[in-house]
Amino acid sequence: MFSSERLKGLDVFVAVADLGSFTAAAERLNLTGSAVSKSVARLEERLGVRLFNRTTRTLALSEAGITFYRTCTSVLADLEQVEHALSAEGDEPHGKVRIDLPASYGRLHVLPLILDFIHQHPLLQPHISFTDRFIDPQHEGIDIVVRIGGPDAWPTSLGHQYFGAQRLIFCASPTYLAQHGVPQSERDLDQHHCVGYGHGDGQVSPWFFKGRQPGEMERRTPQARIAVGDGEGEVAAVLAGHGIGQLPTWLTQQHIDQGTLVEVLPELATDGLPMNLVWLKSRENQPKVRALLDYLLPRLAPHGSRPGDS
């Protein structure tokens, strides 16, 4: 006869195995570290085997733990799929959904779409974070991610849809160009003040240039007079007349249209990093995740959200 005792602690065990840490699993599950440790200990006692090999510095699955983990993830995935299928029948998207966005692109172009979507689905509870680093959605428990850049090969646990590449242009303020002149060639850039994207480790992101062969790309790091670790901050420095920047059109087009920025050396405009919508495959059939993906996919574009779609 089936006993419900067999299900106790499985989610805690899988979380510890996935994250490799009792502390990280406790944070993921909103439990105390002590509660997680006791749950795993009770599970090991019930099974009569050690599921983890523990040292003062490492925590790794034992041979028995590996076998048990494979079974647990399969069982939990089957249960999740059944729940999704049952709840999807005429069910309004509801509940918490975690979303992570690139800082500037996310604030300017994705957040307005999500806020509009919430008006249409008031039972949804998005938890939205912003970061420019590449995150691991599975490790951090994030349902949907928008990313600029990313790996050449995506993990099999993730679904992803490419929606274009950034279009990068060189631009400056009219005031700066009046004082320092308009560059006439790529070589002239070396004689101008440059505004770059700065990282926390003191490095400056390279500028992109077309290579000698079709489709080839060269990267060169500018001697930045000012380096700013935020896209909107970088634009602010260029608008203030501190130099020439290489910036994506999704960040500059409004200023170009208004005349507060001027594109220079248009022949050097080039495609930059790829842009992708990414999601956890294990959650893609949840109504709240599926509905939001279906809403975002046709509306995201490398120049920003598509006009009239927000």
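Predicted model: local features only at pLDDT ≥ 70, side-chain atom pairs only at ≥ 80, totals over all residues.

Colleague: Which residue does Asp294 form a salt bridge with?

Modeller: Arg290. The closest N and O atoms are 3.3 Å apart. Arg290 is partly exposed too, at 27% relative accessibility.

Colleague: Where do Asp294 and Arg290 lie?

Modeller: Both are in helix H10, residues 287-296. They sit four residues apart, about one turn of the helix.

Colleague: Which residues do salt bridges with shared partners join into one network?

Modeller: Arg107, Asp230 and Glu232.

Colleague: And how many salt bridges does a search of the whole structure find?

Modeller: It finds 10. One of them pairs Arg147 with Asp100, at 2.4 Å between the closest N and O atoms. Those two come from distant parts of the chain, 47 residues apart. Arg147 is in strand S5, and Asp100 is in strand S3, residues 95-101.

Colleague: Is Arg147 buried or exposed?

Modeller: Buried, because its relative accessible area is 3% and the cut-off for buried is under 20%. Asp100 is buried as well, with a relative accessible area of 3%.

Colleague: OK, next pair. What does Asp271 meet in a salt bridge?

Modeller: The side chain of Arg167, at 3.2 Å from N to O. Asp271 lies in strand S13 and Arg167 in strand S6, so the pair ties together parts that are 104 residues apart in sequence.

Colleague: What about accessibility for Asp271?

Modeller: Asp271 is partly exposed, at 37% relative accessibility. Arg167 is partly exposed at 35%.

Colleague: Let's switch to strands. How many residues of S13 are buried?

Modeller: Eight of its 11. S13 covers residues 270-280 and is mostly covered.

Colleague: In which sense do S6 and S13 pair?

Modeller: Antiparallel, over nine bridges. S6 runs over residues 158-172. Leu168 stands opposite Thr270 in S13.

Colleague: How many bridges link S5 and S13?

Modeller: Five, again in the antiparallel sense. S5 is residues 144-148. There, Val146 stands opposite Leu277 of S13.

Colleague: How does the lining of the second largest pocket divide by residue type?

Modeller: 13 nonpolar, eight polar and four charged.

Colleague: Which element gives the largest share of that lining?

Modeller: S11, with three residues. Several elements supply at least two residues each, among them helix H5 (103-120), S5, S6, helix H8 (231-239) and helix H9 (249-258). Strands S7 (194-197) and S8 (207-210) are also in that group.

Colleague: And which domains does the lining of that pocket draw at least three residues from?

Modeller: Domain 2 (95-165 + 273-297) and domain 3 (167-271), at least three from each.

Definitions and conventions. Residues numbered from 1 in each chain as written. Heavy atoms only, no water. Buried < 20%, exposed > 50% of the residue type's maximum accessible area, 1.4 Å probe, protein only. Pairing = 2+ DSSP bridges. Salt bridge = Lys/Arg side-chain N within 4 Å of Asp/Glu carboxyl O. Nonpolar A, V, L, I, M, F, W, Y, C, P; charged D, E, K, R; others polar. Domains from an automatic or database assignment.
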